[in-house]
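Here is a short tour of a protein fold, written to be read alongside the sequence and the 3D view. Please keep both open as you go.

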Amino acid sequence: MRCGLLRALPAGVIVALLCGAGCQTPDYDKADLQLDIDAAVPEEAETARICATGVGSREEGAGNGRLSLPGLAAGVPVEISVEVLTEDGARIGRSEPVTLSAETPYQVAAFAMETGEPCEPLGGPGSGDSGEGGFVEAGADSWLLVVRFLGSGW
């Protein structure tokens with residue numbers, strides 16, 4: 001009987017239903033803080049550096065336009081900026097710095113080509129080379145930051 005219901009639907013509707021479930025943008029409802037950057041998604045070979053002022057930084061491949069920074073102290077406001085670097089480490093540009101907190105857990109930042117001072121490439125979570133505030137110890141209450149490039153033009 002159930003197969004009869006599927007046969008009654010037009011093929012286009014069935015394809016749309018099946019594809020729609022797998023083609024959606026991921027929802028970051030598990031993140032505590034989110035920064036969207038109003039810029040094109042970086043090229044696959046480029047690297048992005050998330051800079052948390054006074055805490056540390058993390059570099060990772062930026063080709064899919066999504067990054068994360070775990071281990072931020074929960075409940076503590078943090079200033080975030082994101083730099084995009086070439087394969088050789090030359091800075092392409094940087095997002096404007098924004099402060100994320102419990103009151104403002106989501107922000108959209110503009111991106112500018114090669115402006116401002118570069119952030120210090122401090123160590124990431126677990127590196128032992130983070131800034132004064134540092135990252136929290138493993139197992140402690142912490143926040144997860146996610147960064148997305150929105151895909152608009154430079």
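Pro105 is partly exposed, with a relative accessible area of 32%. In this predicted model, Pro105 sits in the loop that joins S7 to S8. Which residues does Pro105 contact, leaving aside its neighbours within four places in sequence? They are Asp32, Leu33, Gln34 and Leu100.

Pro105 and Asp32 are 73 residues apart in sequence, yet their C-alpha atoms lie 6.7 Å apart in space.

## The overall plan

Stepping back, the protein has two helices and nine strands. Reading from the N terminus, the order is α-α-β-β-β-β-β-β-β-β-β. Of the 154 residues, 34% are buried.

How much of the contact list joins residues 24 or more positions apart? Among contacts with a separation of 6 or more, such pairs account for 64%.

## Strand S1 and its partners

Strand S1 covers residues 33–38. Five of its six residues are buried, so S1 is largely enclosed by the rest of the structure. S1 pairs with S9 in the parallel sense, over five bridges. S1 also pairs with S8, in the parallel sense and over five bridges.

Ile37 is a handy residue for seeing both pairings. In S9, Ile37 stands opposite Phe149, and in S8 the bridge partner of Ile37 is Ala109.

## The nonpolar core

Which residues have the most contacts inside the largest nonpolar core? They are Leu35, Leu72, Val82 and Leu145, in a core of 26 residues. The elements that give two or more residues to this core are S1, strand S2 (47–52), strand S4 (66–73), strand S5 (78–85), strand S7 (98–100), strand S8 (106–113) and S9.

Not counting residues up to four places away in sequence, Leu35 touches Ile80, Val82, Val98, Leu100, Gln107, Val108, Ala109, Leu145, Val146, Val147 and Arg148.

## Salt bridges

A search of the whole structure finds five salt bridges. One of them joins the side chains of Asp36 and Arg148, at 2.8 Å from N to O. Asp36 lies in strand S1 and Arg148 in strand S9, so this pair ties together parts that are 112 residues apart in sequence. Is Asp36 buried or exposed? Asp36 is buried, with a relative accessible area of 1%.

Glu83 and Arg49 form another salt bridge, also with an N to O distance of 2.8 Å. Glu83 belongs to strand S5 and Arg49 to strand S2, so the pair links distant parts of the chain, 34 residues apart. Both Glu83 and Arg49 are buried. A further salt bridge connects Glu60 with Arg58, whose closest N and O atoms are 3.7 Å apart. Here both partners are partly exposed: Glu60 has 22% relative accessibility, and Arg58 has 29%. Finally, salt bridges that share partners join Arg49, Glu59, Glu83 and Arg91 into one network.

## A loop and a surface patch

Val76 lies in the loop between S4 and S5 and is partly exposed at 44% relative accessibility. Leaving out residues up to four places away in sequence, Val76 touches Leu100 and Trp143. Val76 and Trp143 are 67 residues apart in sequence, while their C-alpha atoms are 9.2 Å apart in space.

Leu150 lies in the segment after strand S9 (142–149) and is partly exposed, with a relative accessible area of 42%.

Definitions and conventions: Residues are numbered from 1 along each chain as its sequence is written. This is a predicted model: local features need pLDDT of at least 70, side-chain atom pairs count only at pLDDT 80 or more; totals for chains, interfaces and linings use all residues. Side-chain values use heavy atoms; hydrogens and water are left out. Helices (H or I, at least four residues) and strands (E, at least two) are DSSP runs, numbered from the N terminus. Buried means under 20% relative accessible area, exposed over 50%, partly exposed in between (1.4 Å probe, protein chains only). Contact means heavy atoms within 4.5 Å. A nonpolar core is a set of buried Ala, Val, Leu, Ile, Met, Phe, Trp, Tyr and Cys residues joined through side-chain atoms within 4.5 Å. Two strands pair if DSSP finds at least two bridges between them. A salt bridge is a side-chain nitrogen of Lys or Arg within 4 Å of a carboxyl oxygen of Asp or Glu.
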